[in-house]
Every structure is written in C-alpha cells, then in structure tokens.
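Biologist: I have not looked at this one before. Can you take me through it?

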Amino acid sequence: MDFLKPYGLELLETCVDPVVIHHPKGHTIPRLDEKGLEIMLEFIQRIQNVLPEKEEKPQLNEELLVL
C-alpha cells in the first residue's frame, strides 16, 4: 500500500471540487486508461479555462499525453 495515501485522502477533504484519478500503482504516475485519461484532460481544460485572459493560454496537445 502507498504510505502517502492516507495523507492524500486527508488533503483531498480540504478541496472544494477535487479531480481524482484512482489507480493501483501507489505513489507513482501511472499509464492512464481511457477513463483516467479523459478525467485528466477534462481537468487540464478546466484549468485552462480559468487562466486570466491576459495570459496566453497554452494549448493542450493530446497527442503528447498518449504514450
């Protein structure tokens, strides 16, 4: 079991609208399945939408994210 998971769950409780991707690999960045990839891309899109208009928004390149 991931020794950091309890701390992550505790931190998660402080978030207003958290985005969570569950995976079995512990405290690592796993290769995402289709559902996990969709959640992550939606999260990145939400962040891009809240950036101030004065900043140039980086464009999400989905091809780079699919390994």
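Biologist: Start with E38: how does E38 count at 47% relative accessibility?
Modeller: E38 counts as partly exposed, because its relative accessibility is 47%. Buried means under 20% relative accessible area, exposed means over 50%, and partly exposed is in between, with a 1.4 Å probe and protein chains only.

Biologist: What kind of model is this, and how are residues numbered?
Modeller: The model is predicted, and local features need pLDDT of at least 70, side-chain atom pairs count only at pLDDT 80 or more, while totals for chains, interfaces and linings use all residues. Residues are numbered from 1 along each chain as its sequence is written, and side-chain values use heavy atoms, with hydrogens and water left out.

Biologist: Back to E38. Where is E38 placed?
Modeller: E38 sits in helix α2, residues 34-50. Helices are DSSP runs of H or I with at least four residues, strands are runs of E with at least two, and numbering starts from the N terminus.

Biologist: Which residues form the negative surface patch?
Modeller: D33, E34, E38 and E42 form it. Patch residues have over 30% relative accessible area and no salt bridge; like charges are joined within 9 Å, and nonpolar side chains (Val, Leu, Ile, Met, Phe, Trp, Tyr) within 5 Å. Asp and Glu count as negative, Lys and Arg as positive, and His and the chain ends are not counted. A charge is placed at NZ of Lys, CZ of Arg, CG of Asp or CD of Glu.

Biologist: How many salt bridges does a search of the whole structure find?
Modeller: The search finds 1. A salt bridge needs a side-chain nitrogen of Lys or Arg within 4 Å of a carboxyl oxygen of Asp or Glu. The side chains of D17 and R46 meet in a salt bridge at 3.4 Å, N to O. D17 lies in the loop between α1 (5-12) and α2, and R46 in helix α2, so the pair ties together parts that are 29 residues apart in sequence.

Biologist: D17 first: buried or exposed?
Modeller: D17 is exposed, at 52% relative accessible area. R46 is partly exposed, at 38%.

Biologist: New topic. What makes up the nonpolar surface patch?
Modeller: V19, F43, I47 and V50 make a patch of about 330 Å². Accessible areas come from the Shrake-Rupley method with a 1.4 Å probe, and for residues only the protein chains shown count as cover. F43 is in helix α2 and is partly exposed, at 36%.

Biologist: And what does the secondary structure of the chain come to?
Modeller: It comes to 3 helices and 0 strands. Of the 67 residues, 10% count as buried.
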